[in-house]
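Please look over the sequence and the model below. Then follow this short tour of the chains.

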Amino acid sequence: MDIEELTENFSFFDNWEDKYQYVIDLGRKLEPLDENFKTEEWKVKGCQSQVWLVPHFSEGKFHFNGDSDAILVRGIIAIVLLIYNDKTPQEIKSIEVTKIFAKLGIEENLTPSRRNGMLSMVAKIKEYADLK
Amino acid sequence: MYDVYKIRKDFPIFDVLVNGKPVAYLDTTASAQKPQSVFDTMRRVYYEFYANPHRGTYYFADAITAAYEQARKTVQKFINAGDNREIIFTRNATESINLVAATWGLQNIHTGDEILISEAEHHANLVPWQHLCKISGAELKVFPLADNGEYVAEEFLARLNEKTKLVAVSAMSNVLGTMFPIKEIAAAAHNVGAKVLIDACQFAVHYPIDVQAVDCDFLAFSGHKVYGPTGIGVLYGKAEILKKMPPYQFGGDMIENVTFEKTTFADIPARFEAGTPASVQAIGMAEGIHYIERIGFDNIITHENELIKYTTERLSEVPQLKIIGTAKNKGGVFSFAVGNIHPQDLAFVLNKENVAIRIGHHCAQPIVNRMGYNSLARASLGLYTSKEDIDALVAALLKAEKFFREE
């Protein structure tokens with residue numbers, strides 16, 4: 001699935017319950033992060049729950065693994081990774097993620113603190129991209 | 001007993017609809033909502049006699065000085081202090097405790113001394129002491145509670161000795177709701193020559209305080225929790241101790257005589273109130289206290305006790321819900337976990353259902369961790385909380401439990 005497909009799937013929901021049940025499903029399907037990476041080193045700061053993000057870089061592209069102890073956040077991570085995974089640093093820098101989230105209609109339903117958590121995650125991804 | 005629905009009419013915020021529905025406000029432990037009379041009182045000051053207190057020689061200045069000093073007397077009566085000069089206005093309880101640490105603490109705590117606190121302290125009654133220990137070479141000692149959050153006298157007494165110079169404890173835990181026998185604790189502390197500071201932030205909202213009966217040396221609470229405004233807090237200190245303490249901050253209103261060579265400082269309480277005070281907030285807090293007094297603690301306790309019972313019963317209907325902190329003597333604070341649902345996930349659904357609770361470590365990380373969690377959900381009661389608020393909480397929790405259940 002790509003982000004276009006996800007956006008289309010999202011457009012079918014007319015209540016928050018169905019939409020976020022779907023986000024939860026994305027979270028459940030997200031490949032869990034190896035427990036060895038669930039350390040301070042890989043923790044993304046500024047989130048109400050624990051969030052970890054681990055980058056892998058090969059053949060000019062980034063692949064991230066992420067996880068959280070909160071299931072809705074895991075779902076959001078799945079979406080963020082769908083947006084950013086297997087992209088070059090240049091592509092990562094050019095993505096306007098807030099527009100994508102606005103299109104998904106996620107932003108309005110997130111509490112400010114969780115949105116900041118998501119933005120912290122995005123900031124971290126961009127930080128990794130800037131290093132390349 | 002009172003009609004809670006009538007009481008709720010005194011609080012304008014309960015008229016607010018979010019997405020067309022009322023909000024069940026269950027976060028009074030973090031901060032209380034305020035009655036109309038607090039707004040009216042503060043508005044009256046600004047509209048009718050606002051000026052800088054203690055400085056002017058005209059009608060407005062005299063009037064606000066009188067109201068500010070009257071607020072001090074209101075607080076004095078509220079906690080039954082013997083002398084109104086024992087009441088110092090601060091920004092909040094955190095500043096009250098920092099004031100003691102930075103003045104009395106630096107003067108009296110030295111290498112080899114010990115400061116004793118409970119493991120359930122709010123960061124405000126922990127971090128200042130930790131810092132004081134770091135710079136003075138003293139040691140911070142912590143007495144544990146029972147697994148259900150109960151106070152255990154033996155654990156406290158085992159860590160109290162002639163090296164203990166200060167015992168700093170909360171009268172009521174903001175996470176567990178546990179009430180501490182502060183009178184008993186103060187007597188034991190005094191027996192070994194230690195001073196006693198009581199964090200009364202939670203307790204002051206629900207129960208009457210008598211600093212002379214408790215015989216504590218210091219006591220701190222904040223205005224925004226006793227149905228008053230933000231930006232104002234209280235430090236009570238025994239006059240004979242306060243008189244020996246150096247100033248906390250330096251500047252206007254706290255001096256007696258200033259030359260370039262030397263400054264002499266004002267007597268208590270002015271010595272600890274440098275700069276323009278939060279006068280309107282102090283007067284607003286006094287009205288919050290008057291509001292409590294008009295209803296009466298007897299009535300508030302009767303109402304809240306019934307709600308505590310009701311909440312405990314109703315929460316047991318939620319599958320996998322575990323209340324953290326079940327001491328026999330506990331106030332209207334309910335920290336809980338629901339199975340392995342993350343509190344942040346719970347709060348998402350509760351927010352959708354217009355139920356306002358707090359999640360996280362509640363500024364008391366060590367006790368949350370000690371109970372086996374990184375984060376907890378917490379619902380807390382105030383004098384305006386109704387059974388309908390609890391019903392809304394339980395309904396939202398049932399919905400959340402189902403929402404996150406793995407089929």
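This is a predicted model: local features need pLDDT of at least 70, side-chain atom pairs count only at pLDDT 80 or more; totals for chains, interfaces and linings use all residues.

Residues are numbered from 1 along each chain as its sequence is written, while chains are lettered from A and ligands numbered from 1 in the order in which they are written.

## Chain B as a whole

Chain B has 15 helices and 17 strands. Helices (H or I, at least four residues) and strands (E, at least two) are DSSP runs, numbered from the N terminus. The C-alpha trace of chain B spans about 80 × 55 × 35 Å along its principal axes. Its radius of gyration is 22 Å, which agrees with the value near 22 Å for a compact globule of 407 residues. That radius is taken over C-alpha atoms, and the globule rule is 2.2 Å times the number of residues to the power 0.38.

Of the 407 residues of chain B, 49% count as buried. A residue is buried if 20 or more other C-beta atoms lie within 10 Å of its own, exposed if 12 or fewer, and partly exposed in between; C-beta atoms are placed from the backbone. Now take contacts, meaning two residues whose C-beta atoms, placed from the backbone, lie within 7 Å. Among contacts in chain B between residues at least 6 apart in sequence, 72% join residues at least 24 apart.

Chain B is assigned domain 1 (4-30 + 296-404) and domain 2 (39-293). Such bounds come from an automatic or database domain assignment. The centres of the two domains, taken over C-alpha atoms, are 28 Å apart. Their contact takes 25 residues from domain 1 and 22 residues from domain 2 of chain B. On the domain 1 side, the elements that give two or more residues are α12 (297-315), β14 (333-338) and α14 (365-370) of chain B. That side divides into eleven nonpolar, ten polar and four charged residues. Here Ala, Val, Leu, Ile, Met, Phe, Trp, Tyr, Cys and Pro count as nonpolar, Asp, Glu, Lys and Arg as charged, and the others, Gly among them, as polar.

A nonpolar core is a set of buried Ala, Val, Leu, Ile, Met, Phe, Trp, Tyr and Cys residues joined through C-beta atoms within 7 Å. The largest one has 150 residues, of which I198(B), A200(B), C216(B) and L393(B) touch the most other members. α3(A) gives the most to this core, with ten residues. Both domains of chain B give residues to this core, so it lies between them. Not counting residues up to four places away in sequence, L393(B) touches A24(B), L26(B), V355(B) and A379(B).

## Where the chains meet

Twelve residues of chain A are in contact with nine residues of chain B. On the chain A side, α2 (16-29) and α3 (71-84) are the elements that give two or more residues. The largest share, three residues, comes from α3(A). By class, this side has six nonpolar, four polar and two charged residues.

I79(A) sits in helix α3 of chain A. I79(A) is buried, with 22 other C-beta atoms within 10 Å. Beyond its neighbours within four places in sequence, I79(A) is in contact with L6(A) and L26(A).

## One side of a helix

Which residues of helix α7 of chain B are buried? In α7(B) (residues 182-191), they are I182(B), I185(B), A186(B) and A189(B). They cover an arc of only 100° around the axis, which puts them on the same side of α7(B). The arc is that of the directions from the helix axis to the C-beta atoms. Among what covers them are β7 (164-170) and β8 (195-199) of chain B.

Most residues other than glycine have a negative phi, and most peptide bonds are trans. Two residues of another kind follow.

| Residue | Phi | C-beta atoms within 10 Å |
|---|---|---|
| N80(B) | near 55° | 14 |
| D253(B) | about 75° | 16 |

N80(B) lies in the loop between α3 (59-78) and β4 (87-90) of chain B. D253(B) lies in the loop between α10 (239-242) and β11 (255-258) of chain B. A cis peptide bond, with omega about 0°, joins I268(B) and P269(B).
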